[in-house]
Amino acid sequence: MPLWKNYYLAQSIPEALTRLNEGARLIAGGTDLLLEIQQGVQPPPESLVDVCNIPELNSLEIRGKDLFIGAAVPLNHIAASQLVQENAQALVEACNLIGGPQVRNTATLGGNVAHALPAADGTIALLALDAQAESISSEGSSISGLEELFLGPRRSTIEANQALLVGFYLPLRKSSQASAFRRVMRPQGVALPVLNIAVWLQRKKDRIADAHLALGPSGPTPLRARMAETVLRGEKISQVLIEKVYTILLEEVHLRTSPYRASADYRKHLAKILLQDAIEIAWERAGDN
Ligand SMILES: Cc1cc2nc3c(=O)[nH]c(=O)nc-3n(C[C@H](O)[C@H](O)[C@H](O)COP(=O)(O)OP(=O)(O)OC[C@H]3O[C@@H](n4cnc5c(N)ncnc54)[C@H](O)[C@@H]3O)c2cc1C
């Protein structure tokens, strides 16, 4: 039995919004949505509207002081893009780890964010990179911080407002700034990591001038660890500092036991290792430029 009745390939944002308002369900790469429909996690839709042919959602370019990445750019294009490699190493690393080559050929960053899972790899990298998201609905368009989009697991303001994610604005990297992404995944790959972490930092001589940290899964929504990152600011990198950040991080986040992936204790153990790794890699990279 077919899983849907109508499949619309929208050519423009207004066309996609019209279909959404008529009750169609939005689809991009379909790597999350189609599985969930098949598994009965999502009700079978009457109509799907595919946004992958809309030019604005496929653009990847510099816009003023930002790098713009369209919501429907496939993950393998993002990882291979020189612009992204120069400006957002953490995002390249995250995109290169999502699924396998077949998934990365069709999956999009917009789908990764809109699906609103707390450990989505692309989302965690975007949080540490301080990305802003552009969305549009029949009420108009808006640009907001990424964290403002999330309401709970699989729940976002995007879906609640029948909106379309257009793309993401990432500040262009300046000299002495760099980022890194690290994760641990079960070998049999249950689609999401046991734990992931993204770090962005700015060096000033032998000190960390500024830092952003994001870690997943660490609560009901993808989270930027704002308390832990303040501990890094103005400090020299050292083992004592990493220990301090780790202590605050554990107070700030909720690392829980999940039946298919890991125990809370194992996640706490990994958090320290990944934190240290990601901070040290970003620190070294920031010193190279
Ligand atoms: C085998 C396998 C392995 C995977 N491994 C990983 C992994 O390692 N890490 C990871 O993070 N994820 C993983 N995933 C999940 C998935 O591939 C990603 O989340 C992907 O980025 C989703 O993008 P998509 O374009 O396929 O989204 P879709 O499935 O098309 O859509 C997902 C949701 O987002 C909404 N949506 C999509 N685009 C937009 C838009 N522009 N505006 C508004 N709403 C939108 C849809 O309506 C739907 O609710 C895996 C999936 C599979 C099948």
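How many bridges join strand E6 (residues 132–137) to E7, and in which direction do the two run, parallel or antiparallel?

Analyst: Six bridges join E6 to E7, and the two strands run antiparallel. This is a predicted model, in which local features need pLDDT of at least 70 and side-chain atom pairs count only at pLDDT 80 or more, while totals for chains, interfaces and linings use all residues. Residues are numbered from 1 along each chain as its sequence is written. The element names refer to DSSP runs numbered from the N terminus, helices being H or I runs of at least four residues and strands being E runs of at least two; two strands pair if DSSP finds at least two bridges between them.

In general, strands of a sheet pair through backbone hydrogen bonds, either parallel or antiparallel. E6 and E7 belong to an open sheet of five strands whose order is E4-E5-E10-E6-E7, with antiparallel pairing. The edges are strand E4 (60–63) and strand E7 (140–145), each of which pairs on one side only. From one strand to the next the twist averages 25°, where axes are lines fitted to C-alpha atoms, for helices over the stretch in contact, and angles run from 0 to 180 degrees between N-to-C directions. Helix H1 (residues 13–21) packs on this sheet and touches both E6 and strand E10 (164–171), with a direction that makes about 130° with that of E10; two residues are in contact if their C-beta atoms, placed from the backbone, lie within 7 Å.

Asp 130 lies in the loop between H8 and E6, and its phi is near 60°, a positive value in a residue other than glycine. Most residues other than glycine have a negative phi, and most peptide bonds are trans. Asp 130 counts as partly exposed because it has 17 C-beta neighbours inside 10 Å; a residue is buried if 20 or more other C-beta atoms lie within 10 Å of its own, exposed if 12 or fewer, and partly exposed in between, with C-beta atoms placed from the backbone. Arg 154, found in the loop between E8 and strand E9 (155–156), likewise is not a glycine and has a positive phi of about 65°. Arg 154 also counts as partly exposed, because 17 C-beta neighbours lie inside 10 Å.

The wider setting follows from the domain assignment, whose bounds come from an automatic or database source: the chain is given domain 1 (6–50), domain 2 (56–171) and domain 3 (177–287). The centres of domain 2 and domain 3, taken over C-alpha atoms, are separated by 20 Å, and the contact takes 22 residues from domain 2 and 23 residues from domain 3. On the side of domain 2 that touches domain 3, the elements giving two or more residues are helix H5 (89–97), helix H8 (121–128) and strand E8 (150–152), and H8 gives the most, with six residues. By class, that side has 15 nonpolar, three polar and four charged residues, where Ala, Val, Leu, Ile, Met, Phe, Trp, Tyr, Cys and Pro count as nonpolar, Asp, Glu, Lys and Arg as charged, and the others, Gly among them, as polar. H5 is mostly covered, seven of its nine residues being buried, and the buried ones include Leu 91, Val 92 and Cys 95. After H5 comes Gly 99, with a positive phi near 55°.

The largest share, four residues, comes from H7. Of the 32 residues around the ligand, Ala 28, Gly 29, Gly 110, Gly 111 and Asn 112 come nearest, a residue being near a molecule or strand if its C-beta atom, placed from the backbone, lies within 6 Å of it. The shell divides into 19 nonpolar, ten polar and three charged residues, and it draws at least three residues from each of domain 1 and domain 2.
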